[in-house]
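I opened the model to look up helices, strands, salt bridges and backbone angles. My entries are below, in the order I made them.

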Amino acid sequence: MTESELFSMAVNAAEESYSPYSRFRVGAALLTEDGRVFTGCNIENSSYSLTVCAERTAVFKAISEGFDKFRAIAVAGSADGDFSRPCTPCGACLQVLSEFCGDDFTIVLADRKYRLSELMPNRFTAANLK
Ligand code: THU
């Protein structure tokens, strides 16, 4: 599974986006250590605040099926069908990813990739709890 293949899966996952309010479609494709891919899309709600991002949909699908070791996630977001611009995960999604992923977890955004530690330096983890 190449990074560009993973990104294509994220673009495909955006087709299922339920986003009647923002009209911003987002898809995510989460690669497990053993090569499985869990996809997700954003799911909005008329109350707005109950909206769930594509990244968290993918993470929660994977965890709920017994997979908690991850290598990479690709994220694709667009309001106009052009997914070539990066759609950076929000802070809440980065924090959820941080629960299960190490510093070198890869985040693929269109044609670029980042480490989790780059997008979330000095992140808060269980190690910070006394
Ligand atoms: N959204 C995501 O699903 N992931 C991101 O990385 C950015 C934002 C969603 C939430 C909401 O449904 C819409 O995009 C606009 O913020």
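These are my notes on the structure shown above.

I am working with a predicted model, so I noted the limits: local features need pLDDT of at least 70, side-chain atom pairs count only at pLDDT 80 or more, and totals for chains, interfaces and linings use all residues. Residues are numbered from 1 along each chain as its sequence is written, and side-chain values use heavy atoms, with hydrogens and water left out.

**Helix H1.** I took helices and strands as DSSP runs, numbered from the N terminus (helices: H or I, at least four residues; strands: E, at least two). For burial I used relative accessible area: buried is under 20%, exposed is over 50%, partly exposed is in between (1.4 Å probe, protein chains only). H1 spans residues 3-13, and its buried residues are Leu6, Phe7, Ala10 and Ala13. They lie on the same side of H1, because they cover an arc of only 115 degrees around the axis. That arc is taken over the directions from the helix axis to the C-beta atoms. I then looked up what they pack against: strands E1 (25-32), E2 (37-41), E3 (70-78) and E4 (106-109). Contact here means heavy atoms within 4.5 Å.

**Helix H2.** I listed the buried residues of H2 as Ala54, Glu55, Arg56, Thr57, Ala58, Val59 and Ala62. Their packing partners are E1, E2, E3 and H3. Glycine 66 follows H2 and has a positive phi, near 90 degrees.

**Helix H3.** Here I found Cys93, Leu94, Val96, Leu97 and Ser98 buried. Their cover includes E1, H2, E3, E4 and helix H4 (116-119). Glycine 91 also lies in H3, which runs over residues 91-100. At 47% relative accessibility, glycine 91 is partly exposed.

Which sense does the pairing of E1 and E2 take? It is antiparallel, over five bridges. Strands count as paired if DSSP finds at least two bridges between them. Alanine 29 stands opposite threonine 39 in E2. The two strands form a hairpin with four residues between them. In the turn, glycine 35 has a positive phi of about 90 degrees.

**Salt bridges.** My search of the whole structure gave seven salt bridges. The criterion is a side-chain nitrogen of Lys or Arg within 4 Å of a carboxyl oxygen of Asp or Glu. I wrote up several of them.

- Arginine 36 and glutamate 65 meet at 3.9 Å, N to O. Arginine 36 is in the loop between E1 and E2 and glutamate 65 in the loop between H2 (54-64) and E3, so the pair ties together parts that are 29 residues apart in sequence. Arginine 36 is partly exposed at 39%, and glutamate 65 is partly exposed at 48%.
- Aspartate 68 and lysine 69 meet at 3.4 Å, N to O. Aspartate 68 is partly exposed at 39%, whereas lysine 69 counts as exposed at 54%.
- Aspartate 82 and arginine 85 meet at 3.3 Å, N to O. Aspartate 82 is partly exposed at 30%, and arginine 85 is partly exposed at 45%. A network of salt bridges links Asp80, Asp82 and Arg85.

**Nonpolar patch.** I found Tyr18, Tyr21, Ile43 and Tyr48 making a nonpolar surface patch of about 450 Å². Patch residues have over 30% relative accessible area and no salt bridge; like charges are joined within 9 Å, and nonpolar side chains (Val, Leu, Ile, Met, Phe, Trp, Tyr) within 5 Å. The areas come from the Shrake-Rupley method with a 1.4 Å probe; for residues, only the protein chains shown count as cover. Tyrosine 21 sits in the loop between H1 and E1. It is partly exposed at 39%.

Most residues other than glycine have a negative phi. I logged tyrosine 48, with a positive phi of about 65 degrees. It is in the loop between E2 and H2, and at 58% it counts as exposed. I also logged alanine 110, with a positive phi of about 55 degrees. Alanine 110 is in the loop between E4 and strand E5 (112-115). Is alanine 110 buried or exposed? It is buried, with a relative accessible area of 15%.
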